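Trainee: I have the sequence and the structure open. May I ask you some questions about them?
Mentor: Please do.

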Amino acid sequence: MSSADEVRSNYERIRSEVGEAVTIVAATKYVILEDMAVLAEAGVEVVGENRAQDLEAKHAAYGDAFRWHFIGHLQSRKAKIVNRTCELVHSLSSESAAKRLEIPALVEVNLSGEETKSGVAEAGLDALLEAYPEVRGLMTMPPEADDPEASRPYFRRLRELAAQRGLAELSMGTSQDYRVAVEEGATLIRIGSVLYQG
């Protein structure tokens, strides 16, 4: 992890690139508990955690320092922790999790059809929207690629799906392709390495 000054400098640069309307979610999957203090000192406002048990530990230590989002695969049995600590879930993908969720959510859509990725298929989207009225938007993870442009068709498709359903929020784009995501209408980007490296 870089120093707080370096993280702040990266954060401010990314903020100037993406504009005030885009929420920068600092992905903390690989940030150890002690380094959360660096993010707080650097002025990071929103953090996104992938694992419920890590979320619980980090929130216990730094609860008031950030706004908390859950960005990992949401298991229904972990929904209680997420309800208690987060303002938004980016990764709702099952009706069983929806039954236990009590906070606003984005539905994760698996547009690539990759079996290793979570999310509902396009065909299953409307059933999940019907099952959970607190959906604010959609999220996706395109296939990994060296060229950020390879993500553009997935981001564009997600925007179309959201627009057709009157959903305002789009969580798309990570360290390697967030600029393309913002061009395609992202309202939230989930970034890690580009923020933490010196």
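Trainee: How many aromatic pairs does the count come to by the ring rule?
Mentor: The count comes to one aromatic pair. Under that rule, rings of Phe, Tyr and Trp (its six-membered ring) pair if their centres lie within 6.5 Å; planes under 30 degrees apart are stacked, over 60 edge-to-face, and the rest tilted. Please note that this is a predicted model, in which local features need pLDDT of at least 70 and side-chain atom pairs count only at pLDDT 80 or more, while totals for chains, interfaces and linings use all residues. Residues are numbered from 1 along each chain as its sequence is written, and side-chain values use heavy atoms, with hydrogens and water left out.

Trainee: Why are the rings of phenylalanine 66 and tryptophan 68 called edge-to-face?
Mentor: Their planes stand at 90°, with the ring centres 5.7 Å apart, so the pair is edge-to-face.

Trainee: Are those two buried or exposed?
Mentor: Phenylalanine 66 and tryptophan 68 are both buried. Buried means under 20% relative accessible area, exposed means over 50%, and partly exposed lies in between (1.4 Å probe, protein chains only).

Trainee: Next, the strands. Which way do β1 and β2 pair?
Mentor: Strand β1 (residues 23-27) pairs with β2 in the parallel sense over three bridges. Two strands pair if DSSP finds at least two bridges between them. Helices (H or I, at least four residues) and strands (E, at least two) are DSSP runs, numbered from the N terminus. Alanine 26 stands opposite valine 47 in β2, and alanine 27 is opposite glycine 48.

Trainee: What else does β1 pair with?
Mentor: Four bridges join β1 to strand β8 (residues 188-191), and these two run parallel. Threonine 23 has leucine 188 in β8 as its bridge partner.

Trainee: Why is β1 described as largely enclosed?
Mentor: Four of the five residues of β1 are buried, so the strand is largely enclosed by the rest of the structure.

Trainee: And which residues cover the faces of β2?
Mentor: In strand β2 (residues 46-49), Val46 and Gly48 on one side and Val47 and Glu49 on the other are all buried.

Trainee: A change of topic: where is histidine 73?
Mentor: Histidine 73 lies in the loop between β3 (67-70) and α4 (79-85). At 46% relative accessibility, histidine 73 counts as partly exposed.

Trainee: What does histidine 73 contact?
Mentor: Leaving aside neighbours within four places in sequence, histidine 73 is in contact with Asn50, Ser91, Ser93 and Ser118. Contact means heavy atoms within 4.5 Å. The C-alpha atoms of histidine 73 and asparagine 50 are separated by 7.0 Å, although these residues are 23 residues apart along the chain.
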